[in-house]
Amino acid sequence: MVLNIDDLDYLGLGKRTRLHRLMYEHGPGNGRLLILPIDQGMEHGPVSFFPNPPSEDPEFQFRLADEGGYSGIALHLGLADKYGAKYAGRVPIVLKVNGKTKIPSDAHALSPMTASVEDAVRIGADAIGYTLYVGSPKQVEDLNQFRRVKAEADRFGMPIILWSYPRGEAVEQTGGKKSLYAVDYAARIANELGADAVKLNVPEDDPERRSQQPAPYDSLELSYEERVRKVVKSAGKTLVLFSGGSMLGDDDLIYRARTCLEQGAAGLLFGRNLWQRGWKEALKITEKLKKLTLEL
Amino acid sequence: MVLNIDDLDYLGLGKRTRLHRLMYEHGPGNGRLLILPIDQGMEHGPVSFFPNPPSEDPEFQFRLADEGGYSGIALHLGLADKYGAKYAGRVPIVLKVNGKTKIPSDAHALSPMTASVEDAVRIGADAIGYTLYVGSPKQVEDLNQFRRVKAEADRFGMPIILWSYPRGEAVEQTGGKKSLYAVDYAARIANELGADAVKLNVPEDDPERRSQQPAPYDSLELSYEERVRKVVKSAGKTLVLFSGGSMLGDDDLIYRARTCLEQGAAGLLFGRNLWQRGWKEALKITEKLKKLTLEL
Amino acid sequence: MVLNIDDLDYLGLGKRTRLHRLMYEHGPGNGRLLILPIDQGMEHGPVSFFPNPPSEDPEFQFRLADEGGYSGIALHLGLADKYGAKYAGRVPIVLKVNGKTKIPSDAHALSPMTASVEDAVRIGADAIGYTLYVGSPKQVEDLNQFRRVKAEADRFGMPIILWSYPRGEAVEQTGGKKSLYAVDYAARIANELGADAVKLNVPEDDPERRSQQPAPYDSLELSYEERVRKVVKSAGKTLVLFSGGSMLGDDDLIYRARTCLEQGAAGLLFGRNLWQRGWKEALKITEKLKKLTLEL
Amino acid sequence: MVLNIDDLDYLGLGKRTRLHRLMYEHGPGNGRLLILPIDQGMEHGPVSFFPNPPSEDPEFQFRLADEGGYSGIALHLGLADKYGAKYAGRVPIVLKVNGKTKIPSDAHALSPMTASVEDAVRIGADAIGYTLYVGSPKQVEDLNQFRRVKAEADRFGMPIILWSYPRGEAVEQTGGKKSLYAVDYAARIANELGADAVKLNVPEDDPERRSQQPAPYDSLELSYEERVRKVVKSAGKTLVLFSGGSMLGDDDLIYRARTCLEQGAAGLLFGRNLWQRGWKEALKITEKLKKLTLEL
Amino acid sequence: MVLNIDDLDYLGLGKRTRLHRLMYEHGPGNGRLLILPIDQGMEHGPVSFFPNPPSEDPEFQFRLADEGGYSGIALHLGLADKYGAKYAGRVPIVLKVNGKTKIPSDAHALSPMTASVEDAVRIGADAIGYTLYVGSPKQVEDLNQFRRVKAEADRFGMPIILWSYPRGEAVEQTGGKKSLYAVDYAARIANELGADAVKLNVPEDDPERRSQQPAPYDSLELSYEERVRKVVKSAGKTLVLFSGGSMLGDDDLIYRARTCLEQGAAGLLFGRNLWQRGWKEALKITEKLKKLTLEL
């Protein structure tokens, strides 16, 4: 039930070559993706590194991606450029091409560009990451910006991973950014817009806010498994990666990973849950995740 | 009384070749257009697919367009690219080049770009679709965006179907988006701007809001037939396609189709009314619609 | 006292060739301009055509311009492209390159682009028309847009007729859009900006609002003739065309035309006053106007 | 103490050649500049010409510049193009490349472009004029616009005269647009931004508003002479031209001119004070001003 | 612990050549940077020069940079162009490419462009300076503008020094622009965005506002030394320069310099603290600073 590269028959040679590297030449190697993001220093600030101070040095994450055998590392141009050379060819790069700080508020969320597709080509990245805030008051600007990125990516044969995140007041009024309604919409949008992969949050079911959602979501009572499967289906021919979010206990993390993979996700894009642990623990949990991806 | 391709003597070779494919080489084949839109996943979200769950997979609509013998399928770049290859040459593509989500509100409606005319050329589309919100507070931005699209389309010989939709507060204050005043204006605009075809809603006559319209619309009492004929005339040398809107019963749908075609429409652009039905029912109603287009 | 083409010694070869066509090879032929506008379907909507239903078909206006022997017809790209071919070489085109609908309100009036100067060249137009809203809160955007149009027009040798219209709250507070102060300013602006011709409204003198104007306009009491002459002088080396506005009786229309021409206007740009009449009446009044231009 | 062309050792060949024409080949001929502006028809409207009706015809100012022997004439593209040919080579042109009308209010002052540096090259201008509203809420847009103009000017070797005018609410709250604080800042900005010359207003000292200025301006009590000298110093290696403002009596005008020139100004940019006088009077006062520039 | 040029192994040849000039061929010569900024005339206005009137002439700062042996001088294009020629090859230029005035308020801080990277190349600058207002409501515009600058800088091999300044209402609500939280974030951003060096303010610890910061900053009590070290670490592989801010006494200034250098800063970017002193005093304190950089 999981998409493999032959299901993505629309890929041109460049995209296929690059995705092949992420899916079969690095990481688990069976088509599943285990990607380590390190853009939290920009998105959340240095607070992200307090739980595990060595993680403040991006060398920590590069080494983890290398020794842990990740499919790739996702980060902004500055970190890629400054810390990546030593790992060239060993740790594939997913270049985040837009991002924002936690200040100011998310009310009009829009992530400006921090790099171009051309930068991704120049540094030998195997994919780019773009954050789209579905439903934000700035959605018009965001979609136009994405289109320009996609046109460049198509021209250069660069795969696109869409961080498809519901945001904004209108989203809050219809169940919130983690509601099934919102995440499901975000998944579909990724497919409609032609992303090659999409990063989603696991949809939550908050009984108190369920009725805020439009019909028929307001009356749906789906299990964790069913919700994951629903959004994977809505993503159609788009590889789905689930995020880890803030720090979870081991069991919760493994449960999340297992469920996502069982329900059709192409992979995991877990960050803080990995590198907010000390080195040995991070490696250990990495091994568990890789084992999961090989079993399922 | 219906326009045929020779009436559109302004068409250059490229536009004529492409329109010819839609009008005479696919679908009914007599110049009438039966186009299946599948952009609702973007415009309304996955809620659109609940009435008929298999329709969530765009393969459903492509197969329907193919087996039902539609003139073409209208959709965004992601779906065209990912699901269209198998149907290349069999199902002509109308590439929607702009669109928006249902979130946030329509108060300042403007559909950002999701693809370019060049994309349409690259994937072998036979027309593009552009949504213009006539009367929206963002009209200036919208018209400027349309002009850039049109310039590119003229350069590449790509026909333009204009989704000409009244929207916004000022429209609400003068009878609403489905009033004859609003739809009639939208039809004329399409002709003035040089669209090759226009998608319109069937104008409604709400006696309670009739007087909100400017003179002389405020005192017009036209029948369903007359209203349709009026807007077809206002569209002048622009092929008119009517939308189906939300789900109707069989009789209502056939009545709508027959009236539109009798009153001069070039064709129908029905989506949810087709693919929100199960497979067999969808094929059956398709047959009825095609029969109608051949009779009239 | 009326400018002839030799007074416009700044014209390059392209502009001179094209203006020569409008001034001496069509219409009255003595340098006076009689231009028929048909952009009201966009600016006011199909309401414009109710008084004379056949006028809804742009063929009506093209035929009137042809048989009536007008200097040219002014309209948007869609109408020019779709209806003009039959009249190529017989009815010169003034391509309106911007415009807007009547919805929404004029408070922040700005007309977005509907065509480019390159379009005008491509379709063989002899001039372009640009609407500038003098005094509008969007004036900065408008002037910048005009400058880009003018740069292209200068490059291609395409004459510019400026619809120079006062608009916006600040204008309303200083006597209104038809006050002498406002029209006089609009006339001067056309000369300063380098328009080749300017379309103006006849300035009105509303005794009740006279004092709202800045000094010395607040104490001027000029006759109809004097007001017309004043704004013609302010336009300097810019050909002045006066608009007809909404429907007038025959005598009023002839009086307006005569006065404008006597006071130095280069011509008339009357639309609704012509084609809101039936065919014969429209031809008859056209003859009268042409006779006037030959007498004066 | 006045800058001569050799002090401006940063000038490339193009700028030096053009400035040389203004400073030594026309006007007083000793490096001092006497420039006649005629952009008031745009900035203030035709009201400017009521005191001396013949001045409504730009021919009046061109002839005055020619017979009076001015260093140049400053105006917008339309007037330059239409009236300048006869004076080519005799009256150097300073092409104003941006400007605005008096309507609407100055609260968000920003002058849109009315011409490009390329236009200035095409018409053989010897400098361009740009109006910057220092402190305006639109300052970001204004500075970005200026930078694009400067980049073009540097590329083409075209000298820039900066109309450096404090404007906006924040300026009003710190002493007003003519306070020493504001004018001094405007002078420095011109030097920082790389203008070749700057047009300033003579700073006023309004005892009632003095304390609104930031320290130490709030406690400075400088004479007319000292204020002029202060801002000339702040302009550094930028030629300073002082404006005349609205109509002054002969003695006041000569006093202003003498003081400015004595305190280091490179010249005068007086408009209304010249051409709002009748022809003979205008010539006479011109002679006085030229004599002054030769004496000092 | 201080970065030397070999630690910056990501530098291409152009950036390395230029940075080498700043770090080893001028100034202390041991890799430490002593840069003299003179952009305060733009940022704060001529008020900056009252404490030491000769400093109003940029020649003062150029001479100080030359005789004092600074690594470079940081300033806008106008000053660089007009005053720099005499010092070409002796005083390296850091060209500020954006900036703003003190008017209007900082609430929506954004520094528009005043020069381009191409200008920097043309005038032989060895780095550019860009001011980013982290957390400003205009952050989206700012980051997009920065990205365009960085793309050009990467293309031309021009090093970027980022003035990374927290600003805006949201910043004020979380401890203020000099809080450890804010400065630490600003330091990390510089590294994420790929600046080659970053100018930071020394983070302050205001006990009253400490708790406004997000956890865990709200409970951190770090010494001056520890705060400096923290932000230097957050800047990672980005050379850190500390600003001097407004005038300090000699001891305070030396203490600040020593602490910053001891805690890993690459250098100092002190302006007013140098040139608001008289010539001899300025030279004397310069000598002290250079001695410090050689000792540490």
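This is a predicted model: local features need pLDDT of at least 70, side-chain atom pairs count only at pLDDT 80 or more; totals for chains, interfaces and linings use all residues.
Helix 8 (residues 180-193) of chain D lies across strand 4, strand 5 and strand 6 (197-200) of chain D. Its angle to strand 5 of chain D is about 150°. Axes are lines fitted to C-alpha atoms, for helices over the stretch in contact, and angles run from 0 to 180 degrees between N-to-C directions. Contact means heavy atoms within 4.5 Å. Helices (H or I, at least four residues) and strands (E, at least two) are DSSP runs, numbered from the N terminus.

The eight strands of chain D form a closed barrel in the order 1-2-3-4-5-6-7-8, with parallel pairing. Neighbouring strands of this sheet are turned by 25° against each other on average, direction ignored. Strand 7 (residues 239-243) and strand 8 (residues 267-269) of chain D run parallel and are joined by three bridges. Here D:Leu241 stands opposite D:Gly267. Two strands pair if DSSP finds at least two bridges between them.

Strand 5 (residues 160-166) of chain B is mostly covered, with seven of its seven residues buried. Buried means under 20% relative accessible area, exposed over 50%, partly exposed in between (1.4 Å probe, protein chains only). B:Ile160, B:Leu162, B:Ser164 and B:Pro166 point one way from the strand. B:Ile161, B:Trp163 and B:Tyr165 point the other way. Strand 4 (residues 127-134) of chain B pairs with strand 5 of chain B in the parallel sense over seven bridges. B:Tyr130 stands opposite B:Leu162. The chain passes from strand 4 through helix 6 (residues 139-156) to strand 5 of chain B in a right-handed β-α-β crossover. Right-handed means that, with the strands pointing away from the viewer, the path from the first strand over the helix to the second runs clockwise.

Strand 5 of chain B also runs parallel to strand 6 (residues 197-200) of chain B, joined by three bridges. B:Ile161 stands opposite B:Ala197. Strand 6 of chain B is covered on both faces: B:Ala197 and B:Lys199 are buried on one side, B:Val198 and B:Leu200 on the other. Four bridges pair strand 6 of chain B with strand 7 (residues 239-243) of chain B in the parallel sense. B:Leu239 is the bridge partner of B:Ala197. Strand 6, helix 9 (residues 224-234) and strand 7 of chain B make a right-handed β-α-β unit.

## Nonpolar cores

The largest nonpolar core has 77 residues. B:Leu95, B:Ile128, B:Leu200 and B:Phe242 touch the most other members. Helix 8 (residues 180-193) of chain B gives the most to this core, with 10 residues. A second, separate core of 76 residues includes D:Leu79, D:Ile160, D:Ala190 and D:Phe242. A nonpolar core is a set of buried Ala, Val, Leu, Ile, Met, Phe, Trp, Tyr and Cys residues joined through side-chain atoms within 4.5 Å.

## Chain arrangement

Chain A can be laid on chain B with an RMSD of 0.0 Å by a turn of 72° and a shift of 0.0 Å along the axis. The two copies are thus related as by a five-fold rotation axis. In chain A, the C-alpha nearest the axis belongs to A:Glu141, 10.0 Å from it. Copies are superposed by least squares on the C-alpha atoms of residues with pLDDT of at least 70 in both. Chain A and chain C do not touch; their nearest C-alpha atoms are 18 Å apart.

## Basis

Residues are numbered from 1 along each chain as its sequence is written, while chains are lettered from A and ligands numbered from 1 in the order in which they are written. Local features need pLDDT of at least 70, side-chain atom pairs count only at pLDDT 80 or more, and totals for chains, interfaces and linings use all residues, while side-chain values use heavy atoms, with hydrogens and water left out.
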